[in-house]
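Please open the model and keep it beside this note. The points below go through it one at a time.

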Amino acid sequence: MGEATHNYKMKIMATELTKEQFIEILLDEKITKPENIFDFQTIYSFDNHQAPANRVVRKQWKHSERLLVDKEGPRPVGPINSRIGWLGKRIAKKYPITLSKRENGTYRYWDLFFNGWNEGNLFIWQLKSNLIKALEETGLVEKKNAHKTIDQINKEFEEKVKFSKNDSEQERQERLKLANKRPISTSAQVNVFLRNPDVKVEILRRANEHCEYCQSPAPFKKDGDGEGFLEVHHIIPLAEDGDDTVENAVALCPNCHRHAHYGKNSFDVERLKAI
């Protein structure tokens, strides 16, 4: 009796697929279809690799170039719940797994792949850690923030801001209710130019604590040396092979510096060159 109970517990544990099993499953085209990879990639892309199904579907529709085509036209083939269920059934034919059941006796195939819980009226799916590792090791996803620069991360953030603007206020409010109050910390690759300090000193001396674009005085005095705060801006950016020279740099107030970077169409670059 004790041995039978022990075997049953071991069988239940088999529901937790290993990273190696997930790798086999992901690479087996008879089991894992392109739409399944797309579903996992979409959920992986969310913070903490978790999202309710309705957010996953909305994000997939926004990336319409990735949608599959069936007889009704371009769209993901079948509801995401059904796609996950059919994937689970294909896995069950090859692997000795045991699944939990709902009260009505039907199997919960999703718990092969996700941790799940209710938050308000939404049910959250979170990729299981072994599946995350398998997706990363097979190259089916780009490991989050791996080898990305701060500029790339900031650019991706601004893209997400654009998506948010296109959503309704109600959609944003729903997400804010579920959002983590503390942001996730990560590491990023930093590329730094070793600039010439003499260039900075000469530029600031030339500016004499006045913005060289709008001619306004520096907005405040710095702690320590008491000098007016200005920022050195390279007319041709160093990242675009610009020179770190007095001729290619100007002193700008923070407002004009942001204007130079984020309002290029209205910023008069020729005025800087004339300086």
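1. Start with the largest cavity. Helix α8 gives the most to its lining, with four residues. Helices here are DSSP runs of H or I, at least four residues long, and strands are runs of E, at least two long; both are numbered from the N terminus. The elements that give two or more residues to this lining are α4 (53-62) and α8 (169-178).

2. Bear in mind that this is a predicted model: local features need pLDDT of at least 70, side-chain atom pairs count only at pLDDT 80 or more, and totals for chains, interfaces and linings use all residues. Residues are numbered from 1 along each chain as its sequence is written, and side-chain values use heavy atoms, with hydrogens and water left out.

3. Now the numbers for that cavity. A search of the whole structure finds one cavity of 30 Å³ or more. The largest cavity has a volume of about 50 Å³. A cavity is a set of points, on a 1 Å grid over the protein atoms alone, where a 1.4 Å probe fits but cannot get out; lining residues have an atom within 4 Å of a point. Grid points are joined across faces, edges and corners, and the volume is the space filled by probe spheres set on the points.

4. Which residues line the largest cavity? They are P52, N54, R55, R58, L122, E171, E174, R175 and L178. They divide into three nonpolar, one polar and five charged. Nonpolar covers Ala, Val, Leu, Ile, Met, Phe, Trp, Tyr, Cys and Pro; charged covers Asp, Glu, Lys and Arg; the others, Gly among them, are polar.

5. Turn to the second largest pocket. A pocket is an open set of points with protein on both sides within 12 Å along at least five of seven lines. This one has a volume of about 1,300 Å³. Of the 31 residues that line it, the closest to its centre are D151, P237, L238, A239 and H261. The largest share of the lining, seven residues, comes from α7. Its lining residues divide into 14 nonpolar, eight polar and nine charged.

6. Next, T42. This residue is found in helix α3. Is T42 buried or exposed? T42 counts as buried because its relative accessibility is 5%; buried means under 20% relative accessible area, exposed over 50% and partly exposed in between, with a 1.4 Å probe and protein chains only. T42 touches V56, K59 and Q60, not counting residues up to four places away in sequence. A contact means heavy atoms within 4.5 Å.

7. H49 is found in the loop between α3 (34-45) and β1 (50-52). With a relative accessible area of 14%, H49 is buried too. Its side chain reaches the backbone oxygen of Y44 at 2.8 Å. The C-alpha atoms of H49 and W125 are separated by 8.4 Å, and the two residues are 76 apart along the chain.

8. R108 sits in the loop between α5 (80-94) and β4 (114-119). Its relative accessible area is 29%, so R108 is partly exposed. R108 touches L99, S100, K101 and R102, not counting residues up to four places away in sequence.

9. Last, the whole chain. The protein chain has 11 helices and seven strands. Buried residues make up 32% of its 275 residues.

Methods:
A polar contact is a pair of N or O atoms within 3.5 Å; within protein, one must be able to donate a hydrogen and the other to accept it, and residues adjacent in sequence count only if both atoms are side-chain atoms.
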